[in-house]
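Trainee: I am new to this structure. Can we go through it one question at a time?

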Amino acid sequence: MPSIGVKLYSVFFKFMLKHRLQSRLQGTENDAVGGGGTFGVTSRPEEETAAAANPSFTDGVATKDIHVDPLTSLSIRIFLPDTCLDSPDTLNKSRARMLDPRSDPNEVLNRRSSYGSPNNGVVSSSNGGVVVKRAAHAIDSSNRRKSYGGSVDDSNLKSESGGYKGYHPVGNNCRRLPVMLQFHGGGFVSGSNDSVANDFFCRRIAKFCDVIVLAVGYRLAPENKYPAAFDDGLKVLHWLAKQANLAECSKSLGTGGGADSRRSESSWHIPDAFGASMVEPWLAAHGDPSRCVLLGVSCGGNIADYVTRKAVEAGKLLDPVKVVAQVLMYPFFNGSGPTQAEDKLFNSYFYDKAMCELAWKVFLPEGEFNLDHPAANPLVPSRGGPPLKQMPPTLTVVAEHDWMRDRAIAYSEELRKVKVDAPVLEYKDAVHEFATLDMLLKSPQAQACAEDIAIWVKKYISLRGYEFSY
């Protein structure tokens, strides 16, 4: 069972959330909020504390905020791990030694120790495709790889003018990392991509998975109702494709990533069909969009699944972006027919059934409230989109004390029926948002969940020949 602290915090959390949802629903009915403009809001500073962006590698991950769409409040926060500073040549030699059967086996064990013990301290058992996970040991960061091509010292990351203290790519010999789009939770009405809790979680995922994380700040309801948040997720995926194409154009013009740091600060400006555009230097130097993963938390899981379906439909139109996998963490799936978990856990921790229905009423346009809405239920026939057999590998994370767990498991089962790799990780004594809520971020389950996600994701983002080098 969850601890006394979790239970008490859940009571306070539900009281505050219910008050906010009711006030927003009342405001929508009285003032017709959501029909006046499209700019919207992506965070609510009065409800949660934002973490400041830090473009230098003071804790192993550099971050920066970018406003993606000039017509809306859509934004992203980039999380760049310092492993991007490793030399590709050095990494290739290191991996070759690890794959060499004549190499010292202790060296392989030491390589694994950067992510904990070889089995990550996880005890698991399998039952009908559902894997039950328990606690994990803390990660030992003493064996982190050394930086290459840059310095983690802030004073050494200043530009010549002295104005910018953050990291700026220099040279062409940059290591490329997979890109992960992350969609935060909050019932579509709260949460943000730059909150302290989401910032901590994204930093952890960037380090464990060795990826560039793009945390999406989508527009919230009731200021912008469905499908604004879903459209924002898809818009960021198209923005990533455009960035990759602009970076290639920059290279062909001989302007991108020159060795001269004096030229590098202005080398990312090239013309496109709409005039001057800026190539995002971190993504241009280190991003590999052909290895793209989508990760959604709670209601962000609904957005991630929608964006994945649209990416499958688009196919080569999104080149060079390719979605190779998605991770759905306790998705916000719903439906009209009750499930066993709903009957047993309808008054569960943090997000009970009544609270979630209230959130859907705030999010869906007036007159469209339906628990079998395509945004809520991924298995309804009206959902449309590509057949399930075309979906990429999908990892689903569920909590034991979450009333929405059965619907997430059912969706995973339907994917497995059509031969899609779709495992389910169920965490004992865990509650909804257990791996991303501020109070629970340092719990053993949250640590174990991040490690398990990294192990699974690396099967699909590792370069060919290096799948077992982690």
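Trainee: Which backbone nitrogen lies 3.4 Å from a polar atom of the side chain of Asp-352?

Mentor: This is a predicted model, so the distance is a computed one. The side-chain atom of Asp-352 involved is an oxygen, and the contact sits at the start of α10. The backbone nitrogen at 3.4 Å belongs to Ala-354.

Trainee: Where does Asp-352 lie?

Mentor: The helix α9 covers 340–345, and α10 covers 353–363. Asp-352 falls in the loop between α9 and α10.

Trainee: Why does Asp-352 count as buried?

Mentor: Buried means under 20% relative accessible area. Asp-352 is below that cut-off, so it counts as buried, with a relative accessibility of 9%.

Trainee: Leaving aside its neighbours within four places in sequence, which residues is Asp-352 in contact with?

Mentor: Contact here means heavy atoms within 4.5 Å. With the neighbours within four places set aside, the residues in contact with Asp-352 are Lys-14, Phe-346, Asn-347 and Trp-403.

Trainee: What share of the residues in the protein is buried?

Mentor: The protein has 12 helices and 12 strands. Its accessible surface comes to about 20400 Å², with 54% of that belonging to carbon and sulfur atoms. Of the 470 residues, the buried ones make up 56%.

Methods
Residues numbered from 1 in each chain as written. Predicted model: local features only at pLDDT ≥ 70, side-chain atom pairs only at ≥ 80, totals over all residues. Heavy atoms only, no water. Helix = DSSP H or I, 4+ residues; strand = E, 2+ residues; numbered from the N terminus. Buried < 20%, exposed > 50% of the residue type's maximum accessible area, 1.4 Å probe, protein only. Polar contact = N/O pair within 3.5 Å; in protein donor to acceptor, adjacent residues only side chain to side chain. Areas by Shrake-Rupley, 256 points an atom, 1.4 Å probe, with all protein chains shown as cover.
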